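Subject: Structure handover and notes

Dear colleague,

Please find below the structure that I promised to pass on to you.

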Amino acid sequence: MKKIPAITLLFWVMKICATTLGETAGDLLAQTMNVGYGTSSLILLSIFLVVLLGQLAANRYIPWLYWAVILATSTAGTTMSDYMDRTLGLGYATGSLILVSLLAVVLAWWRLSEKTLSVSDITTRRGELFYWTAILFSNTLGTALGDYLADDSGLGFGGGALLIGALLTVVVLAYYFTSISRVLLFWVAFVLTRPFGATFGDLLTKPVEKHGLGFGTQGSSLILFGLLVGLIIYATRRPDPADPSRPGVGRDGSAPRG
């Protein structure tokens with residue numbers, strides 16, 4: 001049951017694009033359209049559940065469906081985080097600590113239940129549910145952490161994006177030059193790409209007088225949506241390198257040797 005894409009450079013580019021779009025689209029619904037964080041969260045969580053049911057019912061990797069779920073977790077995560085931090089008044093630091101704790105509980109429960117956190121070893125429905133729950137919490141955490149870096153830390157949108165980008169570079173170097181667990185590095189990178197998308201999304205949408213680029217939530221969302229659609233079309237036409245049905249690829253997704 002191969003329902004998750006291979007973890008390649010294309011995967012990370014699409015992940016950053018989807019999470020950045022999640023930030024701008026969530027702000028478009030909650031702020032620009034004035035729907036509010038609470039109502040927006042209910043709407044976007046409902047959309048998440050619908051596309052998640054489609055993903056769970058599928059028996060293979062379908063690019064547009066998989067990335068629709070990722071996008072849904074990002075948009076819902078944006079408004080859920082803002083509801084906690086702003087409407088409930090918890091603040092970015094407290095909200096981040098709560099979400100870090102919840103994500104740690106999900107990952108620990110997943111590890112105890114499935115004996116692994118490797119995304120390439122998901123073979124059960126329970127494992128899938130753990131995977132998507134962890135992604136929802138990580139994307140919600142990313143918004144709170146990104147807002148904390150951009151606002152409370154004094155780094156600003158550009159500074160926050162540069163800091164997260166530097167941390168991601170460290171993770172990449174650790175992947176290639178150390179023996180640190182690849183599963184651990186994957187989840188660190190997965191969490192970090194969300195605040196990178198959050199800070200970069202704010203950089204795109206905020207006005208110039210607030211040190212943003214001034215594209216607004218509508219313009220930024222349209223640009224990112226077009227980019228993500230193009231990447232999904234490319235991924236659909238490009239054979240997945242870990243697809244077991246490809247000639248010369250083992251059942252575990254490994255490429256031929258020699």
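To begin with one detail, the side chains of T24 and S221 are joined by a polar contact of 3.0 Å, where a polar contact is a pair of N or O atoms within 3.5 Å, of which, within protein, one must be able to donate a hydrogen and the other to accept it, while residues adjacent in sequence count only if both atoms are side-chain atoms. This is a predicted model, in which local features need pLDDT of at least 70 and side-chain atom pairs count only at pLDDT 80 or more, whereas totals for chains, interfaces and linings use all residues. Residues are numbered from 1 along each chain as its sequence is written, and side-chain values use heavy atoms, with hydrogens and water left out.

T24 belongs to helix α1; helices here are DSSP runs of H or I with at least four residues, numbered from the N terminus. T24 counts as buried because its relative accessibility is 0%, buried meaning under 20% relative accessible area, exposed over 50% and partly exposed in between, with a 1.4 Å probe and protein chains only. Leaving aside residues up to four places away in sequence, T24 touches G201, T205, T217, S220, S221 and L224, a contact being heavy atoms within 4.5 Å.

Helix α2 covers residues 37–57, and its end C-alpha atoms lie 30 Å apart, which agrees with the 30 Å that its 21 residues should span at 1.5 Å a residue; the expected span is 1.5 Å times one less than the number of residues. Its buried residues are Y37, S40, S41, L44, F48, V51, L52, Q55 and L56. Seen down the axis of α2, these buried residues fall within an arc of 140°, so they line one face of the helix, the arc being that of the directions from the helix axis to the C-beta atoms. They pack against α1 (9–32), α3 (63–87) and α5, while the face of α2 turned away from the buried side carries the exposed residues L42, V50, L53 and A57.

L45, also in α2, is partly exposed at 27% relative accessibility, and among its contacts beyond four places in sequence are A76, M80 and L136.

Finally, a word on confidence: the mean pLDDT of the chain is 84, pLDDT being the predictor's confidence in each residue, from 0 to 100. Over residues 244–258 pLDDT stays under 50. Where pLDDT is low, the predicted coordinates should not be read in detail.

Best wishes

Terms used. Helices (H or I, at least four residues) and strands (E, at least two) are DSSP runs, numbered from the N terminus.
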